[in-house]
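Take a moment with the model before reading on. How do its helices pack, and what surrounds the ligand?

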Amino acid sequence: MKLYYAADTCSLSPHIVLRELAIAFELVKVDNRSKLTADGHDFRSINPKGYVAALELDDGQILTEGPAIVQYLADLKPESKLAPPAGSWERVRLQEWLNFITSEIHAGSALLFNTSLPDNVLTIFREKLFRRFDYLQTSLTDKAFLMGTSFGVADAYLYTVLGWCKFFNIELARWPALVAYRTRISARPAVQAALLSEASQ
Ligand SMILES: N[C@@H](CCC(=O)N[C@@H](CS)C(=O)NCC(=O)O)C(=O)O
C-alpha cells in the first residue's frame with residue numbers, strides 16, 4: 001500500500017491510522033504546488049483530483065477522500081476497533097462525525113488559508129469556525145474521544161485539522177477541552193511516529 005501525502009495537510013489523518021493499525025505502507029511525498037511526487041511522477045495522473053490524501057492499494061486501485069480512506073483502513077483490522085462495524089448504528093454515528101469534520105472543520109479552516117480574501121470575509125469564516133469549536137468543546141468536555149472512551153479514526157482526522165489553528169493565529173486555549181484533546185492524542189506513539197516521519201522526509 002502507498003499513501004500519497006503532503007506535510008501539514010489532511011493526509012496526516014490516514015497516515016496516523018495506518019500507523020495505529022500497524023499496516024505496512026510506503027509514504028510518497030507530493031509537492032502540492034508542482035503536483036509532482038517525490039519519485040518524479042505527475043501526481044494528477046495518480047489522483048486526477050490533484051489533492052492529497054490518496055491511497056494506492058496493492059492491486060493498483062486508488063482510493064481518495066480522507067473519510068473514505070480511514071474507514072477502509074479501519075475495516076481491514078476490525079479488531080483494532082478504530083471504527084465500529086459497518087452496518088451498526090455506531091458506524092452511522094462515526095460517519096456523522098467524519099462528515100462534520102470534513103465539511104465544517106476541514107473545509108471551514110481551508111478557507112482561512114486564502115489570504116487574498118478581504119479581512120471582513122475572513123472574519124465571517126473565522127466566527128463560523130469558532131461556533132463549530134464551541135460545539136466540539138461541549139462534545140469533548142465529558143469524554144476523551146469523539147466516539148467515547150477509545151481513540152478512533154474520527155479522532156485522527158479532528159486532531160489533524162485542529163493542528164492548523166497555528167497557521168491562522170487561532171488561540172485554541174479559548175476551548176480548553178480541545179487543548180486537552182490535542183495533548184492526549186499527541187502523546188500516542190503512532191501520532192508521534194507519523195509526525196516525525198513527515199518532518200524528516
Ligand atoms: N475532499 C478531500 C479534500 C482533500 C484536501 O483538501 N487536500 C488538500 C490538503 S488538506 C490538498 O491537497 N490541496 C491541494 C489542492 O487542492 O491542490 C478529502 O477530504 O480528502
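Predicted model: local features only at pLDDT ≥ 70, side-chain atom pairs only at ≥ 80, totals over all residues.

Residues are numbered from 1 along each chain as its sequence is written.

Start with the annotation. An unreviewed UniProt entry lists residues 87–201 as "domain: GST C-terminal". Such annotations may be inferred rather than shown by experiment. Over residues 87–201 the chain is 67% helix and 0% strand. The end C-alpha atoms of this stretch are 38 Å apart. Helices (H or I, at least four residues) and strands (E, at least two) are DSSP runs, numbered from the N terminus.

Now the packing. Two packed helices are described by the angle between their axes and the distance between the axes. Axes are lines fitted to C-alpha atoms, for helices over the stretch in contact, and angles run from 0 to 180 degrees between N-to-C directions.

Helix α5 (residues 119–141) packs on α7 at an angle of about 65°, with the axes 8 Å apart. The two are therefore roughly perpendicular (65 to 115 degrees; under 35 is roughly parallel, over 145 roughly antiparallel, the rest oblique). From α5, Phe133, Leu136, Gln137, Leu140 and Thr141 make the contact; from α7, Ala177, Leu178 and Tyr181 do. Contact means C-beta atoms, placed from the backbone, within 7 Å. By class, these residues are six nonpolar, two polar and no charged. Ala, Val, Leu, Ile, Met, Phe, Trp, Tyr, Cys and Pro count as nonpolar, Asp, Glu, Lys and Arg as charged, and the others, Gly among them, as polar.

Helix α7 (residues 176–186) also meets helix α6 (residues 153–162). Their axes come within 10 Å and cross at roughly 115°. So α6 and α7 are roughly perpendicular too. Asp155, Tyr159 and Leu162 of α6 face Leu178, Arg182 and Ile185 of α7 in this contact. Four of the residues are nonpolar, none polar and two charged.

Leu12, His15, Ile16, Arg19 and Glu20 of α1 meet Ala190, Val191, Ala193, Ala194 and Glu198 of α8.

Which residues are around the ligand? They are Ala6, Thr9, Cys10, Asn32, Gly50, Tyr51, Val52, Ala53, Glu65, Gly66, Thr102 and Ala110, each with its C-beta atom, placed from the backbone, within 6 Å of the molecule. The shell has six nonpolar, five polar and one charged residues.

Technical notes:
Contact = placed C-beta atoms within 7 Å.
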